Protein chains: 2
Amino acid sequence: KNGRVELSHGSGGRAMAQLINDIFHAAFDNDWLRSNNDQASLDALPGRLVMTTDGYVVSPLFFPGGDIGSLSVHGTINDIAMGGATPKYLSASFIIEEGFPFADLERIAQSMGEASRAAGVPIVTGDTKVVERGKADGVFISTAGVGVLPEEISLSSDKARPGDAVLVSGSMGDHGVAIMSRRENLQFDVEILSDSAPLHGLVADMIAAAGGSLRVMRDPTRGGLAAALNEIALQSDVGFAIEEALIPVKPQVAAACEFLGLDPLYVANEGKLVAICEAQAAETLLAAMRAHPLGKNASMIGHVVEDENNFVEMKTGFGGGRIVDWLSGEQLPRIC
Amino acid sequence: KNGRVELSHGSGGRAMAQLINDIFHAAFDNDWLRSNNDQASLDALPGRLVMTTDGYVVSPLFFPGGDIGSLSVHGTINDIAMGGATPKYLSASFIIEEGFPFADLERIAQSMGEASRAAGVPIVTGDTKVVERGKADGVFISTAGVGVLPEEISLSSDKARPGDAVLVSGSMGDHGVAIMSRRENLQFDVEILSDSAPLHGLVADMIAAAGGSLRVMRDPTRGGLAAALNEIALQSDVGFAIEEALIPVKPQVAAACEFLGLDPLYVANEGKLVAICEAQAAETLLAAMRAHPLGKNASMIGHVVEDENNFVEMKTGFGGGRIVDWLSGEQLPRIC
Ligand SMILES: Nc1ncnc2c1ncn2[C@@H]1O[C@H](COP(=O)(O)OP(=O)(O)OP(=O)(O)O)[C@@H](O)[C@H]1O
Ligand SMILES: Nc1ncnc2c1ncn2[C@@H]1O[C@H](COP(=O)(O)OP(=O)(O)OP(=O)(O)O)[C@@H](O)[C@H]1O
Ligand SMILES: [Mg+2]
Ligand SMILES: [Mg+2]
Ligand SMILES: [Mg+2]
Ligand SMILES: [Mg+2]
Ligand SMILES: [Mg+2]
Ligand SMILES: [Mg+2]
């Protein structure tokens with residue numbers, strides 16, 4: 001338990017089998033894994049499927065409010081939920097740098113197992129590779145997920161229509177600012193925690209309240225709200241008119257952004273969603289969101305408009321306006 | 001096209017969208033990807049599902065007979081096929097080192113796209129992360145796969161029974177030796193190519209011939225035939241009695257192994273399978289395997305035996321015998 005991962009832990013021999021058993025299977029703990037086959041054998045899923053994958057390379061691996069393990073579970077669950085689907089199964093592929101401490105690997109695996117159990121979405125299959133010292137950075141995790149779609153749901157990023165309402169489930173920028181603060185070793189009066197959380201419960205409540213009126217959902221991860229809205233604008237061939245004053249940003253996050261030279265609209269979130277819905281359902285959806293712990297600060301921030309330039313226009317505090325363009329130039333690498 | 005991947009290509013902005021579109025979507029080319037959602041929306045799959053994942057960290061990225069792209073498609077298809085399932089959909093997560101040449105990335109993506117089309121298994125969703133120079137090694141790919149199981153099939157690594165026959169689909173050691181030769185810059189009279197290939201077609205033919213009599217299938221990847229048999233022995237609580245003379249090994253691979261100090265039984269394969277079946281079906285299955293291009297050198301190499309030690313015992317050339325233990329000590333890192 002005080003040891004470190006060696007190259008032999010990735011070579012297919014007894015050391016690898018032991019590492020997988022002692023750390024991963026112990027942490028993820030389910031019968032699919034215990035069967036030890038080349039693949040997990042699952043029940044049939046009644047309905048259309050969705051599939052998604054994300055790689056996680058966040059640095060540092062442990063940060064206020066989470067770690068790479070829980071993040072890799074939440075992120076993939078969220079991408080499934082954004083399609084309106086119910087997440088069912090996860091896979092996890094680990095790429096580990098030689099010399100990585102067992103204790104850290106175990107902590108990450110435990111956190112992943114807890115996140116998976118809390119969300120009710122098991123990690124049913126995995127893989128473990130080890131690369132030489134200096135050929136990776138601690139540990140990278142790629143998770144994939146499969147979910148099942150209720151018959152009546154059909155969300156897609158090309159479905160936003162002029163007049164639709166734009167909702168966000170809570171404050172913007174928490175995750176990215178938590179990471180950056182830790183990287184820059186900043187201390188604040190109020191600690192800024194990552195918002196990393198699984199959104200499928202919130203989404204289920206939204207669908208129960210007014211699922212048929214939902215057009216698009218996105219989790220504003222890398223590139224933040226700005227990237228999410230610009231992508232939808234392009235894919236739906238519309239524009240957005242949003243209001244800065246309506247976008248929730250925590251005061252401590254706004255202050256940290258100011259200090260770090262960041263714009264909260266471009267900063268990653270890992271437990272928030274943007275929803276585009278028919279205007280007349282906006283109040284019903286907002287109420288459903290606010291009744292859920294992960295949506296209590298939900299807000300309507302604007303509307304979809306016709307715009308052949310596909311611009312995201314924002315009314316700012318002083319009666320002015322600006323175009324919220326794609327991120328360019330500035331970069332926040334390894335935020336997730 | 002002469003450029004290199006920069007950190008901005010992983011930051012969620014326009015550069016990333018362009019990279020994904022120009023290189024990945026162009027190479028994988030299907031409507032699931034073009035829809036550009038956070039997840040791929042798929043048809044329902046009638047039957048039990050299987051799910052699997054593998055990370056690929058092979059070094060070098062391009063090797064005789066394949067590259068990391070085609071390998072990452074074949075390996076994941078094979079793990080699905082080893083469950084007797086039909087592979088349906090793949091996901092692909094890329095972790096790219098800053099400075100990696102676009103030209104190489106494009107070559108890898110093209111090779112992946114071709115492998116996926118040739119196998120009839122589309123890559124429906126993906127992810128792209130970029131890490132700083134020196135924090136990865138060119139490119140790592142994690143693929144996950146989903147397949148569907150025919151009703152009558154139930155293979156599992158705990159189902160081998162004393163008396164069962166052990167079949168291999170062809171020569172052992174080609175992939176690992178191809179990689180090691182390239183790494184050591186060895187030249188041989190007959191070039192040694194990786195056997196990297198998708199096995200689901202061969203498996204479908206085997207199932208059609210005598211599916212009900214199949215007990216276990218494994219692709220002998222990391223750790224080679226030795227690891228595969230030892231794992232099955234442990235999980236089924238049996239032993240194996242195999243014969244060295246019956247195990248196909250190409251003369252040039254045997255020679256290279258001799259030179260490199262490797263044992264072909266421990267060397268990775270990426271286009272071969274081991275099947276355990278009821279003894280009376282062995283001839284039928286062998287005939288079906290030999291009728292398929294990827295099984296033409298198939299061979300029955302021995303039997304399952306009762307053994308409370310779960311040993312793999314091998315009769316050697318000179319009437320002697322030895323125990324084929326798990327790999328330990330020696331290591332072949334980054335072979336896949
Ligand atoms: N990090 C992990 N977490 C959970 N399960 C894992 C992990 N790594 C491997 N496993 C499980 O351990 C078993 C053996 O995995 P392994 O990767 O050796 O199989 P394989 O994919 O057939 O071989 P290879 O990776 O060499 O192609 C599988 O059941 C796999 O799901
Ligand atoms: N390497 C790739 N190959 C194929 N498709 C890809 C690749 N990388 C991304 N994609 C596709 O591009 C789209 C956008 O991916 P992106 O990763 O930005 O979405 P996301 O997962 O919701 O965001 P994030 O990764 O920040 O959480 C998705 O449809 C995804 O499937
Ligand atoms: Mg396998
Ligand atoms: Mg995502
Ligand atoms: Mg594996
Ligand atoms: Mg997303
Ligand atoms: Mg495998
Ligand atoms: Mg992604």
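Q: What makes the D54(B) side chain a polar contact of ligand 1?
A: In this predicted model, a polar side-chain atom of D54(B) sits 2.9 Å from an oxygen atom of ligand 1. The cut-off is 3.5 Å between N or O atoms, so the pair counts.

Q: Where does ligand 1 lie, and which residues come nearest?
A: Ligand 1 lies between chains A and B. Of the 20 residues around ligand 1, the nearest are N37(A), D127(A), D79(B), T221(B) and R222(B).

Q: Why are β1(A) and β6(B) called edge strands?
A: The open sheet runs β1(A)-β2(B)-β7(B)-β5(B)-β6(B), with mixed pairing. β1 of chain A and β6 of chain B each have a single partner strand, so one side of each has no neighbour in the sheet.

Q: How do you know that β2(B) and β7(B) pair?
A: Pairing takes at least two bridges, and these strands share nine in the antiparallel sense, so they qualify. Among the bridge partners, T52(B) goes with G145(B) in β7(B).

Q: What makes up the contact of α3(B) with α4(B), by residue type?
A: The axes of the two helices come within 6 Å and cross at roughly 35°, and the crossing is right-handed. The contact residues, including V73(B) of α3(B) and M112(B) of α4(B), divide into seven nonpolar, six polar and no charged.

Key. Residues numbered from 1 in each chain as written. Chains lettered and ligands numbered in written order. Predicted model: local features only at pLDDT ≥ 70, side-chain atom pairs only at ≥ 80, totals over all residues. Heavy atoms only, no water. Axes fitted to C-alpha atoms, helices over the stretch in contact; angles between N-to-C directions. Helix = DSSP H or I, 4+ residues; strand = E, 2+ residues; numbered from the N terminus. Left-handed = near helix turned anticlockwise from the far one by under 90°. Contact = heavy atoms within 4.5 Å. Nonpolar A, V, L, I, M, F, W, Y, C, P; charged D, E, K, R; others polar. Near = heavy atom within 4 Å. Polar contact = N/O pair within 3.5 Å; in protein donor to acceptor, adjacent residues only side chain to side chain.
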